[in-house]
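This report examines one protein model, moving from a single residue to the chain as a whole. Please keep the sequence and the structure in view while reading.

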Amino acid sequence: MGVITHRSGHSDLISFADASDGDASKVSLRLDEDEAHTLAELLGGTRITESLSSLDQIPGLSIDWFTVDYEDHIAGQELGNLASRGVVGLTVVAVVRGESANPAPADDFKVFPGDTLVVAGSPEKVAKAFAFYRTGEFKAKTPVDSPPGG
């Protein structure tokens with residue numbers, strides 16, 4: 001059992017059953033910030049962080065994981081092409097399903113609850129894609145007021 005905290009601020013509780021007892025099931029639950037901190041305290045406060053240190057030094061690059069839940073818009077849908085929806089510069093690096101990875105999935109790759117999407121792009125575009133995967137909508141841009149006399 002463990003808690004994974006992503007760069008985006010989301011935390012997931014991950015639990016794997018022991019394969020030796022014949023029940024190799026996996027559970028993944030999204031936690032809010034308070035739940036993640038409480039669980040970490042209950043588990044003894046140990047926090048393990050893995051980082052891709054060489055990638056941390058590249059400004060503007062974010063690599064993050066999106067675990068698909070049943071209520072997410074993307075569940076049961078094809079991955080699609082976000083560039084055709086205006087999100088250029090974001091790549092779905094892989095879709096992890098169970099114990100196997102599907103690297104560089106095509107636009108027609110069907111996504112199911114429990115899948116984990118591994119994406120790379122600017123932090124803003126990753127956040128925009130995650131919002132779309134959850135709701136099916138992009139946040140509308142806030143209109144900019146015109147300068148006086150313009």
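Asp 72 is found in the loop between strand S4 (62-67) and strand S5 (91-97). Helices (H or I, at least four residues) and strands (E, at least two) are DSSP runs, numbered from the N terminus. The model is predicted: local features need pLDDT of at least 70 and side-chain atom pairs count only at pLDDT 80 or more, whereas totals for chains, interfaces and linings use all residues. Residues are numbered from 1 along each chain as its sequence is written, and side-chain values use heavy atoms, with hydrogens and water left out.

Buried means under 20% relative accessible area, exposed means over 50%, and partly exposed lies in between (1.4 Å probe, protein chains only).

The side chain of Asp 72 does reach the backbone nitrogen of Asp 69, at 2.7 Å. Leaving aside neighbours within four places in sequence, Asp 72 is in contact (heavy atoms within 4.5 Å) with Phe 66, Thr 67, Tyr 133 and Arg 134.

## Aromatic pairs

A search of the whole structure finds three aromatic pairs. Rings of Phe, Tyr and Trp (its six-membered ring) pair if their centres lie within 6.5 Å; planes under 30 degrees apart count as stacked, over 60 as edge-to-face and the rest as tilted. Phe 66 and Phe 130 form a tilted pair, with 5.1 Å from centre to centre and 50° between the planes. Phe 66 lies in strand S4 and Phe 130 in helix H3 (residues 123-135), so this pair ties together parts that are 64 residues apart in sequence.

Ring pairs link Phe 66, Phe 130, Phe 132 and Tyr 133 into a cluster.

## Helix H3

The buried residues of H3 are Val 126, Ala 129, Phe 130, Ala 131, Phe 132 and Tyr 133. These buried residues pack against S4, S5 and strand S7 (116-121). Just after H3, Gly 136 takes a positive phi of about 85°.

## The salt bridge

Side chains of opposite charge can pair when their charged atoms come close. The structure holds one salt bridge. Arg 97 forms it with Asp 115, and the closest N and O atoms are 2.7 Å apart. Because Arg 97 lies in strand S5 and Asp 115 in the loop between strand S6 (100-103) and S7, the pair ties together parts that are 18 residues apart in sequence. Arg 97 is partly exposed, at 30% relative accessible area, whereas Asp 115 is buried, at 2% relative accessibility.

## The chain as a whole

The protein chain has three helices and seven strands, which follow the pattern β-β-β-α-α-β-β-β-β-α along the sequence. Of its 150 residues, 28% count as buried. Among contacts in the protein chain with a separation of 6 or more, 58% are accounted for by residues 24 or more positions apart.

Note on methods. Polar contact = N/O pair within 3.5 Å; in protein donor to acceptor, adjacent residues only side chain to side chain. Salt bridge = Lys/Arg side-chain N within 4 Å of Asp/Glu carboxyl O.
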